[in-house]
Amino acid sequence: MSSLPPPDLDRLAALDRHFRFGLSPAELAEYAPAVEASLAASTAVEELYARTSTPAPERSWAPARPEHNRLGAWYVTTSLTGSPDGPLAGRTVAIKDNVAVAGVPMMNGSRTVEGFVPRQDATVVRRLLDAGATITGKAVCEDLCFSGASFTSRPGPVRNPWDETRNAGGSSSGCGALVAAGEVDLAVGGDQGGSIRIPSAFCGIVGHKPTHGLVPYTGAFPIERTIDHLGPMARTVADAAALLGVLAGPDGADPRQPSVLDPVDYPAALTEPASGLRVGVVTEGFGTPLSDPAVDASVRAAIDVLRAAGLDVAEVSIPWHSDAMHVWNVIATEGAAYQMLDGNAYGMNTDGFHDPELIAHFARQRLERGGELSRTVKLVGLSGRYTFEVGGGKYYAMARRLVPEVRAAYDDALARYDVLVMPTLPYTATALPPADVSLGDYLAIALSMVGNTAPFDVTGHPACTVPAGPVGGLPTGLMIIGRRFDDATVLRVAHTYEQAVGGFPAPPVPATTGSTA
């Protein structure tokens, strides 16, 4: 292994300009030997790391075949098994392609990650295999997971199984489409601004964003660690609860998590009656400038179902809900520009798992193929880096100082109600746009739906979407929000609703279908 080459004087001069140290050429020449000597530690660390690092295991996988991928939802297919027994024995699972499956390519929907093969499984993958699940492939996701619609992904868009001219939602787009279409039983999605709940609502399935820190993010491609979540996507609440029970709990490698979490039997919690629970209908979640009145009406009809099932329903106003998006926007743009882009996904200054191979791969390809990034990612980079350069991080710091106030506003309501409810999304799935769509329309289609979902990424509250009544033949979503680490109550209410409506409908079966084989 070669030593780290020392910087020449031109490189030192560029570093001096970056920090504005004001060093003269003579002073830079004087520093050069000291800088070179300091690099010995980096070289030593690289050699020490190489002693402990292991290559990726050999695992069988295949590129998704177009004739068996009508929705564009598979990236690669596999058939990975672990334990023959467990709570998920016999169940098939798709993994969002921002989650590492060792020996299987990971693209994260982006040309800047394409070609990377992880060396070790994410914690959630190990837990799935230990629980008896069969991992049948990696599901396409949006470019670096920064879109709520399913047309920014590479290698191509994901189509909605309810209407293949429409988008499936993002960024866990392939997961939503595959579960809804019945191609897999379950999926593991990710959520930083709604990316589990958006495709679940657009595709008519159950999507649960757990409490922040409940499910370890270890081995998934980060965006901004204070809003990173992984969670279950399924066709029934019972399946989502079973999957959450496998995924949840500290792994000792994720600084997002508490060191101790009491285990919860989520499937057992569903058997407890929900009658008498108090439901707060958040006024500010309805009637927004983007809201389709028909969607609002469908969600209010779903809330009436909860009332008829014996839950105590009342309106509640949370004014902070209308402003929470500003806080999320700063954290998600400036924070992501700093950590995901400039920090090559992992950033620094934190304990826990880091992936040197992924960092190096992304650092190189982000510069070589940055022109191929989606327009949403480019917006994050331009706006987030600008505010950081102008403010030096003060806008991010202000947003972080406001997070406790936003969280307290929801907590105050949740002291009076067991759960809160509102529409998951303001409208139904929109059409996939043409390739020459204008920038303004591109950004609106990709990002405009997150007003109700994103606040709970920044506050960390659990939030589950279940299908409400259809509008124009397309699914809508009822979102149920609970106290932090009380995911069980959220799922109880969701299950009560599902039982009351007699289950959730599936999309129409196309004239011809293909398997994933």
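Predicted model: local features only at pLDDT ≥ 70, side-chain atom pairs only at ≥ 80, totals over all residues.
Residues are numbered from 1 along each chain as its sequence is written, and side-chain values use heavy atoms, with hydrogens and water left out.

**Aromatic pairs**

- Rings of Phe, Tyr and Trp (its six-membered ring) pair if their centres lie within 6.5 Å, with planes under 30 degrees apart counted as stacked, over 60 as edge-to-face and the rest as tilted; the count is 8 aromatic pairs.
- Among them is the edge-to-face pair of Phe151 and Tyr442, at 4.9 Å centre to centre with 80° between the planes.
- This pair links distant parts of the chain, 291 residues apart, since Phe151 lies in the loop between strand E4 (134-139) and strand E5 (159-160) and Tyr442 in helix H13 (residues 439-447); helices (H or I, at least four residues) and strands (E, at least two) are DSSP runs, numbered from the N terminus.
- Both Phe151 and Tyr442 are buried, meaning under 20% relative accessible area, where exposed is over 50% and partly exposed in between (1.4 Å probe, protein chains only).
- Tyr346 and Phe353 also form an edge-to-face pair, 6.2 Å centre to centre and 70° between the planes.

**Strand pairing**

- Strand E10 (residues 278-282) and strand E11 (residues 312-316) pair in the parallel sense over 5 bridges, where pairing requires that DSSP finds at least two bridges between two strands.
- Gly280 stands opposite Ala314 in E11.
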